[in-house]
Amino acid sequence: MSKVAKLPTALNPGELPAVVYRQAVDQADIGISITDTEANILYCNAAFSKTSGYSTEETLGRNQSLLSYQTTPPALYEEMWSNLQRGLSWHGHLLNRRKDGTPYLAELNVTPVQETNGTVRHYLGMHRDVTAMHQLEQRVLNQKQLIESVIDAAPMAIALLNDEGKIVLDNHAYKKLVTDLGVPEPAELLLAGLAKASAPGRNGGIDVRIERTGGRKPRWFCCTTQMIEIHDESADSFFSHPRQPSLLLIASDVTALHEEQQKVRAAALQAMLADEEHTATLRESLSAALYQIEEPINVIASAVALMRGRGDTGVSAVLENAVSGARARIEELRGLLPSESRDDESAVGINLNEVVRDVLDITTPRLLASGITVDWRPEPVLPALLGSPLRLRSAVKILIDNAIDAIVGQRGQGRTTRREITLFTQGRREAVTLVVDDGGPGIPLELRLKVFEPFFSTGSQAGHHLGTGLSRAQQIISDHGGIIDILDAPHGGCRMRIELPTGRDRS
Ligand code: FAD
């Protein structure tokens with residue numbers, strides 16, 4: 001076992017005896033050699049022998065080229081020698097051969113040793129075997145390449161986000177989404193959708209619906225996320241090993257599947273809405289008939305009161321009986337009116353965009369037949385609503401049907417018509433808004449309250465309707481805690497605005 005001696009107190013730190021330098025070089029744990037200017041070895045230490053396999057005796061007097069594996073590109077040696085001749089040191093990697101013939105990668109540092117007058121008669125070489133380090137680097141590179149190729153070949157979009165939400169790794173399918181969805185960072189949309197989505201997808205994922213503008217159909221993605229901890233690569237983390245949380249997002253495109261389901265749903269919906277409309281029409285026609293029957297009865301009742309006032313009790317008693325009998329029959333008939341289908345579907349998390357899309361799917365034939373174009377600008381992700389999807393579809397259908405009627409009703413009236421309906425949605429935490437703008441004549445200010453009264457119809461729509469659509473729509477919206485109001489559309493025409501609460505407060 002070696003002993004560690006203290007420096008003699010008389011010796012200053014800068015005045016080491018030459019023997020200490022010699023011992024330090026002899027025992028250094030890095031291969032050290034000293035050559036003449038022709039690279040003939042004059043000295044080598046134990047670590048040099050250990051790395052190369054040659055003993056000191058086998059090395060001394062031989063040229064350093066003894067170590068060459070003969071595959072290092074000549075340009076490298078030329079660069080090395082060019083540096084040395086200009087008095088500069090050189091650092092690089094060479095392929096060396098051990099005495100037993102095995103190759104090893106040497107990291108070499110060669111320095112010209114300048115004498116006090118600047119003359120160079122010797123070169124100092126320091127080299128170490130970095131084969132294991134090189135293998136490790138290559139393995140990491142290969143693994144990175146392999147992982148990147150597998151990730152790139154995957155059909156699903158994959159993105160890794162750091163704790164600031166920045167993408168640190170993504171694949172081809174993800175990059176394709178940038179153009180497909182027309183946003184610089186699709187992950188933001190998908191994660192926002194994931195936070196608001198309620199539909200469970202396949203394999204533990206959640207299906208997220210992403211709306212697209214310009215009349216393009218929405219896209220569906222089955223999304224999964226996973227937290228991953230990544231090791232910090234900075235030098236100051238060498239001992240503390242801090243880890244950065246990262247989020248792995250995987251999104252599979254399931255649009256085709258949803259479109260198939262949507263087709264089936266749309267057919268069923270059409271039947272349900274037709275049924276609902278049929279019942280509503282029946283209810284409204286009967287209500288209108290009862291209302292009309294009530295009018296003469298009310299006149300008779302007033303006449304009877306007048307007769308009674310004049311003392312004609314005989315006839316008025318008979319008439320009074322007839323009036324109360326008629327009123328009782330009317331109430332009986334009112335009781336037989338088909339009721340509104342309030343609980344058609346249980347209250348669930350409703351996406352207003354889906355409601356509008358369903359209604360547009362159903363009204364497409366009418367829109368096409370009327371030559372009306374639709375500009376549908378859904379907010380990509382909306383908070384969910386609670387309520388009855390069927391009743392909300394009925395309300396939205398009333399607005400769209402009214403918009404079509406308003407545009408079609410202008411035909412031949414000499415007005416410049418914009419055969420366009422613009423719809424857009426907006427979402428806040430506490431409420432969701434739908435706006436329907438039409439290119440029709442608009443509704444004058446003085447009629448904007450009246451149009452919500454039952455059996456009221458504006459000129460352009462009279463004759464086609466009983467005038468109960470808007471009152472029905474208002475009833476549905478207010479049953480959902482919302483409001484409906486009428487404004488001017490930016491290019492003339494009517495703007496119908498629905499605001500529905502999400503049930504969540506602002507905070
Ligand atoms: P060479 O014919 O010896 O040389 C190849 C090229 O180098 C030639 O084209 C020539 O331009 C240039 N060259 C060679 N000798 C000189 C010179 N004296 N002056 C100017 N230019 C010259 N090589 C290794 O492969 N492994 C090592 O670990 C290694 N360690 C070295 C350590 C030191 C301190 C020094 C000074 C050199 C070391 N070399 C090492 C370089 C080695 O001396 C050879 O130059 C090299 O191995 C190529 O040898 P070669 O026989 O293939 O070709």
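**Exercise 1. Find which backbone atoms the side chain of Asn45 reaches, and decide whether Asn45 is buried or exposed.**

Step 1. Begin with the contacts: the Asn45 side chain is 3.0 Å from the backbone oxygen of Val25, and 2.9 Å from the backbone nitrogen of Phe48. A polar contact here is a pair of N or O atoms within 3.5 Å; within protein, one must be able to donate a hydrogen and the other to accept it, and residues adjacent in sequence count only if both atoms are side-chain atoms.

Step 2. Asn45 sits in the loop between β2 (41–44) and α2 (46–52). Helices (H or I, at least four residues) and strands (E, at least two) are DSSP runs, numbered from the N terminus.

Step 3. Check the cover. Asn45 has a relative accessible area of 1%, so it is buried (under 20%; exposed is over 50%, partly exposed in between, with a 1.4 Å probe and protein chains only).

A word on the model: it is predicted, so local features need pLDDT of at least 70 and side-chain atom pairs pLDDT 80 or more, while totals for chains, interfaces and linings use all residues. Residues are numbered from 1 along each chain as its sequence is written, and side-chain values use heavy atoms, leaving out hydrogens and water.

**Exercise 2. Describe the shell around the ligand and its polar contacts.**

Step 1. Count the neighbours: 20 residues surround the ligand, with Gln64, Tyr77, Trp81, Gln85 and Asn96 the closest (a residue is near if one of its heavy atoms lies within 4 Å).

Step 2. List polar pairs. An oxygen atom of the ligand is 2.8 Å from a polar side-chain atom of Tyr77; for Asn63, a polar side-chain atom is 3.4 Å from a ligand oxygen atom. A polar backbone atom of Thr37 lies 3.4 Å from a nitrogen atom of the ligand.

Step 3. Turn to area. The ligand alone exposes 910 Å², and the protein buries 74% of that (Shrake-Rupley method, 1.4 Å probe).

Step 4. Assign elements. Two or more shell residues come from each of α4 (74–85), β3 (90–97), β4 (103–114) and β5 (120–129); α4 gives the largest share, four residues.

**Exercise 3. Where is Leu282, and how far is its C-alpha atom from that of Leu337?**

Step 1. Leu282 belongs to helix α8 (residues 255–309).

Step 2. Its relative accessible area is 43%, so Leu282 is partly exposed.

Step 3. Leu282 and Leu337 are 55 residues apart along the chain, yet their C-alpha atoms are separated by 8.2 Å.
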